[in-house]
Amino acid sequence: MHWSDRFLASTEAGPGGCWQWTGYLMPNGYARISVDGERQYAHRVAYEAFVAPIPSGLVIDHLCRNRGCVNPDHLDAVTQRVNVLRGESHAAARARQVACIRGHRFDNANTYRATNGTRKCRRCRANARSRARSRQGVTCAAA
């Protein structure tokens, strides 16, 4: 049996138009298939078979957020950074924030990057320094 026949036999219609993989799923939820004796991710095989070769340096993003989906219409070749930021991780949620926890906008004037790369609010930092000076009994800023 040709790999493409096994591929199509290992899918079924799923919610939202997904082609749900019924073959082997890895513990992380991604589908695997063996093509010419080499194990590959089924979503990558689907993209290359139905869309185009995957450009060097790009990964395949599941737009449907279903790792077991192999519908080429649900797959997009993107950079690893774009893939992560589109996701549901803590890092992705932080990157989508438009304001600090106190509601101050993250814009060029009010934002700086910490040494670890995270965004920090200048206004909150200034307020914290002011409170610290007050606790220490300093009544005015140094000239």
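**Notes on the fold and surface**

1. Let me start with contacts in the chain at a separation of 6 or more: 30% of them join residues 24 or more positions apart (contact means heavy atoms within 4.5 Å). Please keep in mind that this is a predicted model, where local features need pLDDT of at least 70, side-chain atom pairs count only at pLDDT 80 or more, and totals for chains, interfaces and linings use all residues. Residues are numbered from 1 along each chain as its sequence is written, and side-chain values use heavy atoms, with hydrogens and water left out.

2. The chain has five helices and eight strands, in the order α-β-β-β-β-α-β-β-α-α-β-β-α (DSSP runs numbered from the N terminus: helices are H or I, at least four residues; strands are E, at least two). With a radius of gyration of 24 Å, well over the 15 Å from the globule rule for 143 residues, the chain is more spread out than a compact globule (C-alpha atoms; the rule is 2.2 Å times the number of residues to the power 0.38). The C-alpha trace spans about 80 × 30 × 25 Å along its principal axes.

3. Of the 143 residues, 28% are buried (under 20% relative accessible area; exposed is over 50%, partly exposed in between, with a 1.4 Å probe and protein chains only).

4. Two non-glycine residues deserve a look. D36, in the loop between β3 (32-35) and β4 (38-41), has a positive phi of about 55 degrees and is exposed at 75% relative accessible area. R65, between β5 (59-62) and β6 (75-78) in a loop, has a positive phi of about 65 degrees and is partly exposed at 35%.
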